[in-house]
Amino acid sequence: MQRREFVKLSGMALAAGMTRWSSEAEEKIEKPNLLILIADQRRFGLSKATGYPVDTSPSLDKLQASGVGFEHNYCTTPLCVPSRISMLTGRWPEAHHVRMNLQAKDAYFQQDLYQVAKQQGYRTALVGKNHTYLTKNDVDVWREFSHDGGYIPNDAPSEVADFERWLKNLHFNVALEPSPYPLETQIPYRIVSEAIRFIDETGDAPFCLQVSIPEPHDPEQVPRPYWDMFPPESVPPRTAGPEALAHMGPRAHWEYRLQQDNFPETETQWQRYVSNYLGALRMIDDQIARLTTHIEERGLTKKTLVVFTADHGDYLMDYGLGRKGVGLYEDLTHTPQIWWGYGVQPSRSVARAFTSMADLMPTMCEAIGAPIPHGVQGRSLWPLLQGQLYPEEEFRSIYAGVGVGGLYYDEKDDIPTSISHDAARAGSWDELNKVTQSGNQKMVRMGQWKLVYDMMGYGQLYNLEKDPGELVNLFNKPEHEKEQARLMEELAMWVIRTEDSLPTGPQNGKYQTKWSAEHNWYSPYRHGRPPPNPYIP
């Protein structure tokens with residue numbers, strides 16, 4: 001299949017706010033390898049490269065220095081399944097129809113990344129956590145792992161089965177002692193071993209490989225030396241403790257009670273929770289170094305486009321909360337997205353663009369010269385990664401949402417926390433339930449501002465530069481009416497834009513939907529000037 005021809009951006013667009021950098025000539029590679037590294041429940045801002053005071057990710061930081069790390073990247077929704085489906089399909093949950101973890105089979109799209117790659121002659125694999133609609137029949141190699149175990153090859157260490165029994169007995173809670181089993185039993189190590197095996201068996205064929213690491217998602221556990229690497233007494237202070245729940249509403253209070261009713265050590269041992277989590281980040285980082293070193297030794301570095309990301313974040317004991325659950329807080333929605341390898345030109349300026357989990361799929365399509373499928377809503381980042389022209393207007397904001405709909409459950413409903421506790425597993429609790437996921441909220445991020453709005457007309461407005469913990473709600477404050485109005489307008493645009501444009505069946509023969517031919521961007525087609533100058537299409 002021939003590579004797509006893209007129209008050059010006009011001089012008018014350049015005057016409207018384009019940015020460019022020079023780029024070095026890249027070795028011509030017909031089909032670069034695609035490698036997606038995804039961690040589970042890993043929020044943004046926990047590395048030296050992002051200003052964190054402890055060194056959790058030296059290998060990732062080094063790779064970011066040779067590539068691009070987007071500073072304002074957001075998941076489409078802070079839940080595993082719908083976020084991961086957005087990554088594979090380039091569609092927001094309201095379009096792919098999956099808004100919670102129990103409905104992966106409902107995913108709706110024309111083509112996903114694996115299908116595009118297969119059409120282009122790629123050998124495909126999933127190694128690690130799935131948690132989507134995918135099955136072993138959708139890829140060439142399937143090595144599935146979850147949070148409490150996974151694929152065990154014949155040459156696995158004898159302690160693997162014992163480790164998995166120990167892991168299951170944690171019931172997804174923070175471990176209060178180090179894992180008594182060696183590093184080789186840990187899931188990230190085993191996943192990377194299988195990824196290396198896949199790369200070696202693939203030979204010279206191009207590959208599309210997802211390496212999906214279940215950590216640092218609960219249960220928060222690590223072996224030594226990671227157990228002692230960031231001692232509890234030395235972890236950085238949290239944004240706020242449980243006293244901040246007063247600013248967060250009844251559902252957050254309910255989630256805190258759920259947590260404390262079933263495993264009160266979550267709060268009393270909050271520093272151990274953070275310590276284990278940071279240790280897991282370093283353990284993951286060491287395995288990424290092991291994988292990228294192998295790729296380099298195979299001479300594949302310049303032939304492989306790599307992205308590291310996460311499906312969503314973790315409260316990390318801010319506000320007294322572990323895991324995830326209620327709301328669209330930065331802790332949960334702001335995630336890393338780091339690119340390096342084939343075609344990527346290092347840049348600090350481009351890193352300020354607002355990006356999404358949904359942008360990964362169209363970016364990889366363009367990188368391999370494949371058409372972006374109809375119905376994809378994410379925007380290709382390929383020109384940005386290559387140091388080419390791009391319209392800043394296209395990446396001025398980003399959007400996410402959460403909730404399964406209906407009304408909020410609140411104090412009047414008197415819902416017992418026992419609804420989300422498995423009596424057969426002592427200390428267990430599930431933060432994703434009918435209370436925490438009730439209602440429907442949308443958010444938009446632009447500049448230093450964040451707006452959250454819901455189906456009841458309740459609003460939240462935060463100046464994240466002054467209030468990174470989102471504790472001072474400025475919504476409807478007269479002194480911020482201009483910022484609020486601008487963000488409400490931006491949110492309305494995103495809500496309309498992410499309505500589903502599929503199917504494109506028989507009716508498309510008549511109506512013939514017009515699709516963007518320029519990187520799946522909207523801005524090159526925009527007429528007139530920015531508001532308040534109106535344009536009627």
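Reply: Strands of a sheet pair through backbone hydrogen bonds, either parallel or antiparallel. In this predicted model, L451 stands opposite L461 in β16. K450 has Y462 of β16 opposite it.

Me: How many bridges join β15 to β16, and in which direction do the strands run?

Reply: Five bridges link β15, residues 449-454, with β16, and the two run antiparallel. Their hairpin has four residues between the strands, and there G457 takes a positive phi near 85°.

Me: Which way do the residues of β16 point?

Reply: In a regular strand the side chains alternate between the two faces of the sheet. Here G459, L461 and N463 point one way from β16, while Q460 and Y462 point the other way. Five of the five residues of β16 are buried, so the strand is mostly covered.

Me: What is the strand order of the sheet?

Reply: The sheet is open and has four strands in the order β13-β14-β15-β16, with antiparallel pairing. β13 (397-405) and β16 (459-463) are at the edges with a single partner strand each, so one side of each has no neighbour in the sheet. From one strand to the next the twist averages 10°.

Me: Which helix lies across these strands, and at what angle to β14 does it run?

Reply: Helix α15, residues 481-497, lies across β13, β14 (439-446), β15 and β16. Its direction is at about 115° to that of β14.

Me: Now a helix elsewhere. Which residues of α2 are buried, and what do they pack against?

Reply: In α2, residues 58-65, the buried residues are S59, L60, D61, L63 and Q64. They pack against two helix and strand neighbours named α11 (270-297) and β3 (68-69), and also against β9 (304-310) and β10 (337-341).

Me: Last, a charged residue. Is E215 buried or exposed, and what is the nearest side chain of opposite charge?

Reply: A salt bridge requires a side-chain nitrogen of Lys or Arg within 4 Å of a carboxyl oxygen of Asp or Glu. E215, found in strand β8 (residues 207-216), is buried yet has no salt bridge. The nearest side chain of opposite charge is R190, 8.3 Å away.

Me: What is E215 in contact with, leaving aside its neighbours within four places in sequence?

Reply: With those neighbours left aside, E215 is in contact with A39, D40, I187, P188, Q221 and I284.

How values were computed: Residues numbered from 1 in each chain as written. Predicted model: local features only at pLDDT ≥ 70, side-chain atom pairs only at ≥ 80, totals over all residues. Heavy atoms only, no water. Pairing = 2+ DSSP bridges. Axes fitted to C-alpha atoms, helices over the stretch in contact; angles between N-to-C directions. Contact = heavy atoms within 4.5 Å. Buried < 20%, exposed > 50% of the residue type's maximum accessible area, 1.4 Å probe, protein only. Lys, Arg positive; Asp, Glu negative; His and termini not counted.
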